[in-house]
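Trainee: I would like to learn how to read a protein model feature by feature. Could you walk me through one?
Mentor: Gladly; let us look at it together.

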Amino acid sequence: MYYPSYRMRRLRQSPSLRRLLRETSLSVDDLVLPLIVTHGENVREPIAGMPGCFLYSIGTLLDEVRQAYEVGLRALLLYGVPSHRDIGASAAYDAEGTVQMAVKAIKDELPDMVLITDVCVCAYTDQGHCGVYQDDEVLNDVTIEVLAKVAISHAEAGADIVAPSDMMDGRVAAIRSALDDEGLFDTVLMPVASGFASGFYEPFTAAVGTRPVVGDQLTYMVDPANGEEAVREALLDIEEGADIIMIQPALPCLDVIRTVKQDTRFPLAAHSVSGEYSMLKAVAERGWLDEQRVVTEVATAVKRAGADLIITSYAKDLARWLG
Ligand SMILES: [Zn+2]
């Protein structure tokens, strides 16, 4: 079969034919909207570098959640900013903490909204590391005990899915067994399995105050140069009891998304992180690219690579554009 007997353009000749043969389709069902909830009242603080994104207190968060629900979104990923930080991240597992109270408030009003909660300590300690930091070290085994408490507190508040993003070793197994010990068998575990030490977290990090005060994240996150290691992380998390695998960032990791999907056949969530949003927003604001077109193209590429779910601050826009 060679030119001209096989002509690629034959299948592209009409919109209906192209529609019939399109390999990847995006849907509002694939999308998860990440939101940050903070303490206080009537807070709606713009996030630098992320036009259209805000830190919300519970009341204003509910307004945003209602809008998300109206455009068809049924899943949120919640991050929290506490009123106080300490060495052991105690506010992270406070039953009256910001995330726990937000989960209750949303579930009261919209019980069918799937709530995913970020489980980490970086926003809850003074040092900003994803693990408890003492004597110039991120303490792995101390951290996973704290994370288990955080996950239980979120599940008890009503979270459907807990999503540890810390990248400590053994935390998935520890959280699964802690949840099961409390009878929380149905709580879904969606760890950031392949979390890269990425520069693309910057706008979120600045907004939430999770930039490590000393040291860096390279002792627990994956070096952006290491694809094989990222796949091993995913396989390990599945062995430990993960139900859904999360990979972040998304766009710089399309190869990892593809390989992890092929090697595991597990549901896969790709988190298009804050800096990915900023990058697209900035070029769109300058008029250099067509925002709707490139945002849709990127989300389609992430899905085409192998993601089942896409977590993105563009979720509301995408839901509207997809109609
Ligand atoms: Zn963290």
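**Reading the model, from core to loops**

Mentor: The largest nonpolar core here has 105 residues, and Val 32, Leu 76, Leu 78 and Ile 247 have the most contacts inside it. Helix H4 (residues 140–157) gives the largest share of this core, nine residues. Please keep in mind that this is a predicted model.

Trainee: What is the general idea behind looking for such a core?

Mentor: In soluble globular proteins, nonpolar side chains tend to be buried together. For a close-up, take Leu 78: leaving aside neighbours within four places in sequence, its contacts include Leu 35, Val 37, Val 99 and Leu 115. Thr 117 and Asp 118 are also among the contacts of Leu 78.

Trainee: Now a strand, please. Are the residues of strand S1 buried or exposed?

Mentor: Strand S1 (residues 31–38) is mostly covered, with eight of its eight residues buried. As a general idea, side chains in a regular strand alternate between the two faces of the sheet. In S1, Leu 31, Leu 33, Leu 35 and Val 37 point one way, while Val 32, Pro 34, Ile 36 and Thr 38 point the other way. All of these are buried.

Trainee: Which strands does S1 pair with?

Mentor: Follow the bridges. S1 pairs with S4 in the parallel sense over six bridges, and Pro 34 stands opposite Leu 77 there. With strand S13 (residues 309–312), S1 pairs in the parallel sense over two bridges; Val 32 faces Ile 311 in that strand. Two bridges also join S1 to strand S3 (residues 54–56), again running parallel, and the bridge partner of Ile 36 in S3 is Leu 55.

Trainee: How should I read helix packing? What is the angle between H10 and H11?

Mentor: Look at the axes, then at the residues that meet. Helix H10 (residues 291–305) and helix H11 (residues 315–322) pack at an angle of about 100 degrees, with axes 11 Å apart. Because angles from 65 to 115 degrees count as roughly perpendicular, H10 is roughly perpendicular to H11. Gln 292, Val 295, Thr 296 and Ala 299 in H10 meet Asp 317, Leu 318 and Trp 321 in H11. By class, this contact has four nonpolar, two polar and one charged residues.

Trainee: Which peptide bond is cis?

Mentor: The bond from Gln 248 to Pro 249 is cis, with omega near -10 degrees. Pro 249 lies in the loop between strand S11 (245–248) and helix H8 (254–264).

Notes. Residues are numbered from 1 along each chain as its sequence is written. This is a predicted model: local features need pLDDT of at least 70, side-chain atom pairs count only at pLDDT 80 or more; totals for chains, interfaces and linings use all residues. A nonpolar core is a set of buried Ala, Val, Leu, Ile, Met, Phe, Trp, Tyr and Cys residues joined through C-beta atoms within 7 Å. A residue is buried if 20 or more other C-beta atoms lie within 10 Å of its own, exposed if 12 or fewer, and partly exposed in between; C-beta atoms are placed from the backbone. Helices (H or I, at least four residues) and strands (E, at least two) are DSSP runs, numbered from the N terminus. Two residues are in contact if their C-beta atoms, placed from the backbone, lie within 7 Å. Two strands pair if DSSP finds at least two bridges between them. Axes are lines fitted to C-alpha atoms, for helices over the stretch in contact, and angles run from 0 to 180 degrees between N-to-C directions. Angles under 35 degrees count as roughly parallel, over 145 as roughly antiparallel, 65 to 115 as roughly perpendicular and the rest as oblique. Ala, Val, Leu, Ile, Met, Phe, Trp, Tyr, Cys and Pro count as nonpolar, Asp, Glu, Lys and Arg as charged, and the others, Gly among them, as polar.
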